[in-house]
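The sequence and structure are shown first, and the description follows.

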Amino acid sequence: MRLGIDLGGTKIEIVALDRDGAVRLRRRVPTPSDYAAAVEAIAALVHGAERETGERGTVGVGIPGSLSPVTGLVRNANSQALNGQPLDRDLAAALGREVRVTNDANCLAMSEAADGAGAGYRTVFAVIMGTGCGGGIVSSGRILDGPNGTGGEWGHTPLPWMRPEEFPGPRCWCGRHGCLETFLSGPGLAADCDGPGARDAGSIPARAAAGEAKAAAALARHADRLARALGMIANILDPDVVVLGGGLSNMEHLYREVPPLMARHVFGDVARTPVVRARHGDSSGVFGAARLWDSG
Ligand SMILES: [Zn+2]
């Protein structure tokens with residue numbers, strides 16, 4: 001049995017997958033604000049799942065951040081209680097087994113590559129566009145990562161082929177300017193459309209459809225920026241498919257408009273990378289976490 005945990009800012013979810021990938025159990029609890037309580041809550045979910053199913057499982061955890069390869073501590077998590085904590089060691093101690101921890105975009109990539117919109121493709125580039133913006137790469141069933149633990153950290157690379165009016169770009173929480181996250185995330189799109197301080201992009205597609213020129217122009221800029229950013233990925237990684245997840249992946253126009261715009265930025269005479277929507281939606285995090293031991 002494989003147990004996956006999605007540790008989010010508001011909820012902790014667990015899923016138990018059997019050998020065939022079928023869901024045996026699924027539970028969620030609110031995320032405690034205190035770190036020690038969050039570790040206890042995860043341990044309680046795991047023990048509860050094992051009691052109910054009568055089986056012991058492998059444990060994988062998806063978090064909105066990553067573990068530093070130097071210190072082993074959580075970094076870059078937008079849930080502040082996690083940063084600086086040895087989450088994998090604390091969970092291993094609480095559960096009496098090794099636990100794998102990775103970021104939520106890698107979980108999305110694992111889940112979609114296994115039995116989602118990326119199934120059957122060798123190299124999957126998965127994108128989360130929501131509150132933030134991140135990427136994950138799975139090739140031949142394995143997460144691609146390296147000495148810095150930054151594989152797929154596309155959201156904090158600069159917008160490529162910047163126009164003079166885009167340079168240097170908004171300041172990002174990571175300390176740099178012009179990161180893709182500042183343009184492509186929901187808050188980035190909202191600020192581009194409605195000015196600094198606007199954070200909710202949810203109404204923009206409906207406003208554009210109703211004829212609001214400002215909203216339509218912001219969506220067109222957003223699609224063009226996403227296309228440039230994916231064109232750069234095609235020129236480095238050349239993934240077999242791009243899978244979009246996160247709240248903004250529900251915007252239908254992206255799947256029509258981004259591939260032809262992307263083709264302009266792919267070097268050479270071929271640009272045929274499919275751009276598709278994640279199949280598992282919000283469940284990708286927890287399914288992908290359950291699959292973190294699949295690669296052996
Ligand atoms: Zn950044």
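A residue is called buried if 20 or more other C-beta atoms lie within 10 Å of its own, exposed if 12 or fewer do, and partly exposed in between, with C-beta atoms placed from the backbone. By this rule S140 is exposed, because 9 other C-beta atoms lie within 10 Å. The structure is a predicted model, in which local features need pLDDT of at least 70 and side-chain atom pairs count only at pLDDT 80 or more, while totals for chains, interfaces and linings use all residues. Residues are numbered from 1 along each chain as its sequence is written.

## Two domains

The domain assignment of the protein gives domain 1 (2-107 + 283-290) and domain 2 (117-278); such bounds come from an automatic or database assignment. Between the C-alpha centres of domain 1 and domain 2 the distance is 27 Å. Eleven residues of domain 1 are in contact with 13 residues of domain 2, where contact requires C-beta atoms, placed from the backbone, to lie within 7 Å.

Helices (H or I, at least four residues) and strands (E, at least two) are DSSP runs numbered from the N terminus. On the side of domain 1 that touches domain 2, at least two residues each come from β5 (66-67), β7 (99-103) and α3 (104-115). Helix α3 gives the most to this side, with three residues. The residues of this side of domain 1 comprise three nonpolar, seven polar and one charged. In this division Ala, Val, Leu, Ile, Met, Phe, Trp, Tyr, Cys and Pro count as nonpolar, Asp, Glu, Lys and Arg as charged, and the others, Gly among them, as polar.

## The two sheets

Two strands pair if DSSP finds at least two bridges between them. The table sets out two open sheets.

| Strand order | Number of strands | Pairing | Edge strands |
| β3-β2-β1-β4-β7 | five | mixed | β3 (23-30) and β7 |
| β10-β9-β8-β11-β12 | five | mixed | β10 and β12 |

In the sheet with the order β3-β2-β1-β4-β7, neighbouring strands are turned by 15° against each other on average, direction ignored. Axes are lines fitted to C-alpha atoms, for helices over the stretch in contact, and angles run from 0 to 180 degrees between N-to-C directions. Strand β2 (residues 11-17) runs antiparallel to β3 and is joined to it by seven bridges. L17 has V23 in β3 as its bridge partner. β2 and β3 form a hairpin with five residues between them, and G21 in the turn has a positive phi of about 90°.

Helix α1 (residues 35-53) packs on this sheet and touches β1 (2-7), β2, β3 and β4 (58-63), with its direction at about 30° to that of β2. Helix α2 (residues 87-95) lies across β4 and β7 and runs at about 150° to β7.

In the sheet with the order β10-β9-β8-β11-β12, seven bridges join the antiparallel strands β8 (residues 123-129) and β9 (residues 133-139). V124 has V138 in β9 as its bridge partner. Helix α8 packs on this sheet, touching β11 and β12, and its direction makes about 165° with that of β12.

## Helix α8

Which residues of helix α8 (residues 253-263) are buried? They are L254, V258 and M262. These residues lie on the same side of α8 because they cover an arc of only 35° around the axis, the arc being that of the directions from the helix axis to the C-beta atoms. The buried residues of α8 pack against α7 (213-236), β11 (241-245) and β12 (275-277). The exposed residues R256 and P260 are carried by the face of α8 turned away from its buried side.

## Backbone features in the loops

Most residues other than glycine have a negative phi, and most peptide bonds are trans. S140, in the loop between β9 and β10, has a positive phi near 50°. W161 also has a positive phi, near 50°, and is found in the loop between β10 (142-143) and α4 (180-184). W161 is partly exposed, because 14 other C-beta atoms lie within 10 Å. Leaving out residues up to four places away in sequence, W161 touches R228 and H265. The C-alpha atoms of W161 and Q80, 81 residues apart along the chain, are separated by 33 Å.

P168 lies in the loop between β10 and α4. A cis peptide bond joins F167 and P168, with omega about -5°.

Definitions and conventions: Two residues are in contact if their C-beta atoms, placed from the backbone, lie within 7 Å.
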